[in-house]
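Trainee: I would like to go through this structure with you. Can we take each label and ask what stands behind it?

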Amino acid sequence: MYRYIFKRVLLVIPTLLGAAALVFVLMRLVPGDVCVVRLGSSGGTFDPKAIAQCHAELGIDRPVVIQFIDFVWAFLRLDFGTSMWSGAPVTTEIWARLPISLEIAILATVIAIAIAIPLGALSAVKQNTWIDILVRVFAVGGIATPSFWLGIVSLLIVLNFTSAVFGTPWMPPIEYVPIWQDPIRNLAMAFLPAVTVGYRYAAVSMRMTRSAMLEVMQEDYIRTARAKGLINKLIINRHALKNALLPVVTLIGIEFAFLIGGLVVTEQVFNLNGVGRLFVQAVQNQDYTLSQALVMLTVTVFVVCNFFVDLLYAWLDPRIRFS
Amino acid sequence: MVTTTRTLEISPDDVVVSRAPWTRRLLAFFRRESLGTFGLVLMLAMTATGLSAELIAPYNPTANDFGAMMDAPSWAHPLGTDQFGRDLLSRIIYGARTALIVGLSSALVGGVVGLILGVGSAYFGGRTDLILQRVFDVLMAFPLIIMALAVVAIFGTGVQNVIIAITIPLIPRCARVVRASALAIREVPYVDAARALGYGHTRIILFHMVPNVMAPFLIMVTAFVGQAVLAEASLSYLGLGVQEPVPAWGLMLQGGAEEYAATAPWIAIFPGVAIVLSVLGVNLFGDALRDTLDPKLRHR
């Protein structure tokens, strides 16, 4: 296993370095001079001295290779510089918004798993029945529905329902309160966004569970279990589902990293001040330091998630680490 | 000496499978894949709507009518009007064209570039394959919407830039899948035969390998159309995609849709339904195509 871990770490490093190089190059492809954009945002005129000073401040007057080494070194120290828009350290900006996004991501994962595994397994066991068709349509619907539209519609439903039942319309709170301070207010804020993001996540995982279950149900050991007279419930729970969950675990891990993409849009719908919304604001305000830090953060989360998923997979299925 | 004669029995079904005309195979697809057929109908409806927008849209999609702001659905405006009095049905019809342009261009360009890189990577193998695979690893570490946002941050908004932003992340995804199929084809004797005949790399890749990876390629491209339509809608909703006055479904859900959701819910509902139906159509057709082209999944 240690050998496998070592080999996987060796793959993670070039991927992260490559991603850093790509982000570095992309941000330098921005048309025009970053300093002209920065100084021009105030609307006044600026002299070449101010531009040169800005170049020196950002360190872009030095050779590109040195700039790249500096960029990677700063990233390793979690020093992303200051936001070009607010002037605050990028780490502070991200740190302040991380808990809300992280909570929605975890809640969405819990909701997705709670829906996907039982429904996916049921769909496979009841293959080609009306239950199967219903579950499949539900899953395909989840993949086709944009999360932001689902968010708007769910808000509309909550608004009309509370208005009809209680007389006054109710909207989920938008201010973040830690769960240990006010659990009800916290969940009232996070639940709808988590369901909105979790639906697509559940749909993808449900399809994978169904497909993996169908494959496993055709295996010889399932036939053997049936031949020796084992009851269906035991065959499904103990033999089929356990083995079918391997690819599902992988998918759940990968999709967790993709949740960040979903959050970018969902936080906008629910007016939540999370990392996703910060990203959109950074792009809108042409805040390149913040944008590059957020892209690198997302990629790192994705690569690290993939790494742990691979380790988990290798731990669960010894054939992987010995191949 | 006893002589035995054996007759080769060929069932009519065998002949049908191998030599059936495309019309009969299409009919068999319709019979077997009812959900896929429904998806195809939705896709064709979206395409026809987008292509004939000028002919079927009852109003100019960008014309404001301040006397009919936020009108509920009626005979005059079947899907109602938005906060500027623009006819929603006309905007949705023209929005189909935008979705079609972005969806098809991104999927086709991303798919074709991915196809060439994937097959090339498998064909050349060795160091070329190793380098390309690491590049794909890096590109695939960026979730689609994040990569698209990064590209928009650099090149700016607008239809063309949105197409570029969505195309780039699709390339490695297609290349990965196609490469896996092409690796198996590389070992097949006819590729060796082509090499022995002195054919060039381009000819072998384009005429001998590419046609044989068409099944996974078509499945991927179909899935990409749906993903691209969703990504375009998301970017436009964020205000970073298609810009006003171009009618686009995601853009229609921005601003007014949320603000007036309680008083004029049709502004929020109908553009979303259009997105769901079009992506649903593409996905259902893609699933059916996969089941048809991949025999292992046919009976599932």
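Mentor: Start with a loop. N128(A) is found between α5 (90–125) and α6 of chain A. The model is predicted.

Trainee: What is the phi of N128(A)?

Mentor: Its phi is positive, about 65°, although N128(A) is not a glycine.

Trainee: Which loop of chain B holds P245(B)?

Mentor: The one between α11 (214–237) and α12 (249–252) of chain B.

Trainee: What makes the bond between E244(B) and P245(B) cis?

Mentor: Look at omega. For the peptide bond joining E244(B) and P245(B) it is about 5°, and the bond is cis.

Trainee: How many helices and strands does chain A have?

Mentor: Chain A has 13 helices and zero strands. Its C-alpha trace spans about 85 × 65 × 35 Å along the principal axes.

Trainee: And how many are there in chain B?

Mentor: Chain B has 14 helices, again with zero strands.

Trainee: Why is chain B called more spread out than a compact globule?

Mentor: Set the value against the rule. The globule rule gives 19 Å for 300 residues, and the radius of gyration of chain B is 24 Å, well over that, so chain B is more spread out than a compact globule. The C-alpha trace of chain B spans about 100 × 50 × 30 Å along its principal axes.

Trainee: What makes α5(B) oblique to α6(B)?

Mentor: The same test. The axes of α5(B) and α6 (residues 126–140) of chain B cross at roughly 140°. The antiparallel class needs an angle over 145. The pair is therefore oblique. Their axes come within 6 Å.

Trainee: Which residues of α5(B) and α6(B) make the contact?

Mentor: L117(B), S121(B), A122(B) and F124(B) of α5(B) meet G126(B), T128(B), D129(B), L132(B) and Q133(B) of α6(B). By class, this contact has four nonpolar, four polar and one charged residues.

Trainee: How many residues of chain A are in contact with chain B?

Mentor: 39 residues of chain A are in contact with 36 residues of chain B. Elements giving two or more residues to the chain A side include α1 (2–28), α7 (147–166) and α12 (288–316) of chain A.

Trainee: What is the make-up by class of the side of chain A that touches chain B?

Mentor: It has 30 nonpolar, nine polar and no charged residues.

Trainee: What ipTM and pTM does the predictor give the complex?

Mentor: An ipTM of 0.82 and a pTM of 0.83.

Trainee: Where in chain B is confidence lowest, and where highest?

Mentor: Lowest in α1 (residues 12–19) of chain B, at a mean of 50, and highest in α5 (residues 88–124) of chain B, at 93. The mean pLDDT of chain B is 85, with 91% of its residues at 70 or more.

Conventions:
Residues are numbered from 1 along each chain as its sequence is written. Chains are lettered from A and ligands numbered from 1 in the order in which they are written. This is a predicted model: local features need pLDDT of at least 70, side-chain atom pairs count only at pLDDT 80 or more; totals for chains, interfaces and linings use all residues. pLDDT is the predictor's confidence in each residue, from 0 to 100. Helices (H or I, at least four residues) and strands (E, at least two) are DSSP runs, numbered from the N terminus. Two residues are in contact if their C-beta atoms, placed from the backbone, lie within 7 Å. Ala, Val, Leu, Ile, Met, Phe, Trp, Tyr, Cys and Pro count as nonpolar, Asp, Glu, Lys and Arg as charged, and the others, Gly among them, as polar. The radius of gyration is taken over C-alpha atoms; the globule rule is 2.2 Å times the number of residues to the power 0.38. Axes are lines fitted to C-alpha atoms, for helices over the stretch in contact, and angles run from 0 to 180 degrees between N-to-C directions. Angles under 35 degrees count as roughly parallel, over 145 as roughly antiparallel, 65 to 115 as roughly perpendicular and the rest as oblique.
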